[in-house]
Amino acid sequence: MRPINLLPPEQAEKAKRRRGALFGVFLALAFLALLAFFTFLKIAQRTAAEDAVIAQQLTNDNLQRDINSLGEARQARDDYRRGEQQIMAALAIDVEWGRMLNDIGRVIPDRVWLTSLSATASPPPEDEPIPSYGALAFGGSAFDYPDAATWFRTVDSVEWPAVGGGWVSSINTITAGDFLIVQFSSSASITGAALSDRALDRVPEIPE
Amino acid sequence: MRRLLIIGLPVAILITAAWWFLVVTPINDEIIDQESQLDVLQTQEASLRQQLSALRQVNDRLPEYQRAVADMQRSIPPTPQIDSLIDDLKVLADDTNVVWSAVAFSTPGEETPEGFRTITVNMTVTGQYFELLGYLYGVSELDRLVRIDTLSFSPSLTDEGFNEITLTINAVAFTTGSIVVPEQPEVEEPDIPATTTTTTTTIPSSTTTTAGG
């Protein structure tokens, strides 16, 4: 059946416009409500982030307070570390001279005796492949050239690892009383094996 | 309806854009800022917890740490303490039967990056080979840290025909302090009253000074 509208066409048009306007207002309000809702969500998110930062700051402050209350322990630990570093640095090139001289007495061949000895410990040059921790200079005498040669072989032998790189700077014959003897001067480098481990002994170990 | 769409849609787009740039973006920036702050604080918390745990361990062994520090300070004392160094070296010389003939000390040098100063000690001692050996071992075992850098031996014969060696040692001792010159106590100035002389001059009213004469 066909619907029959008895309203005049102007009235119908008016009603239609009113409905359209109401619909428009509804849409606008819905749109604004949507924006307000998302704004609220964002503000809540920001507040949560701020609260998390405040809570974390509080935790950190408490931890810092606990750390500050252990000031004496921190001082002791810092003093210990400083002392350790100082001893390590002070003994970085510490040659064990007692052992070095003992070794000379042990390795010096028969028929050879030393008339002078000077030794200097020094930090190794940076670009040297085999670091040398100083130098030794010997002056000595022997009964004959082969005796002196035995000494030079000893300086470079594995029997005496604290010294290496031996060199003879001069060797000549002299008269001593009724005898002819050989006088020599030689030098050598001090190797890492000559260094002491005093630094380790000097730093008291504290078990973990 | 069509008119509503034509007007409403651009307006809605404009409002949404304005809302996004004026409201949401600043809030988002603040959230990002807070989150990065939180990250930093959380990293800081981990570091603080680590520090606290390490310090608690030290605190549990505090007497041992303090004893160790005191031991190390005997090796490198906080003041030069030359007097006790002389005592130690002399007692060692007597114990090892060497003759201690000369010694010279420098003043403490510049502070090294590690925080100590060096005092050079030049000594000359005389004795037999094994006595000198004992002296060198003894120097390395002193409570005070002494490092020998240079030594030179020169043997000689005594009047009695014994072989005697003169040992020249250049060594270094260490200290963390320098020479301390005590401050002069402030001398309080005696309370001398200011020389205020009160002169009362009575000028007779009849005095007349005549210049020239």
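**Close-up 1. R99(A), a partly exposed residue, and its partner E96(A).** In this predicted model, R99(A) has a relative accessibility of 29% and counts as partly exposed. Its side chain meets that of E96(A) in a salt bridge, with an N to O distance of 3.1 Å. E96(A) is partly exposed as well, at 27% relative accessibility.

**Close-up 2. The salt bridge between R198(A) and D94(A).** The side chains of R198(A) and D94(A) are paired at 2.9 Å, N to O. R198(A) counts as buried because its relative accessibility of 10% is under 20%. D94(A) is also buried, with a relative accessible area of 2%.

**Close-up 3. The salt bridge between R61(B) and E64(B).** In chain B, R61(B) forms a salt bridge with E64(B), and the closest N and O atoms lie 3.0 Å apart. R61(B) is partly exposed, its relative accessible area being 24%. E64(B) has a relative accessibility of 27% and likewise counts as partly exposed.

**Overview of the salt bridges.** The whole structure contains 14 salt bridges, counted over all chains. Among them are the pairs R99(A) with E96(A), R198(A) with D94(A) and R61(B) with E64(B).

How values were computed
Residues numbered from 1 in each chain as written. Chains lettered and ligands numbered in written order. Predicted model: local features only at pLDDT ≥ 70, side-chain atom pairs only at ≥ 80, totals over all residues. Heavy atoms only, no water. Salt bridge = Lys/Arg side-chain N within 4 Å of Asp/Glu carboxyl O. Buried < 20%, exposed > 50% of the residue type's maximum accessible area, 1.4 Å probe, protein only.
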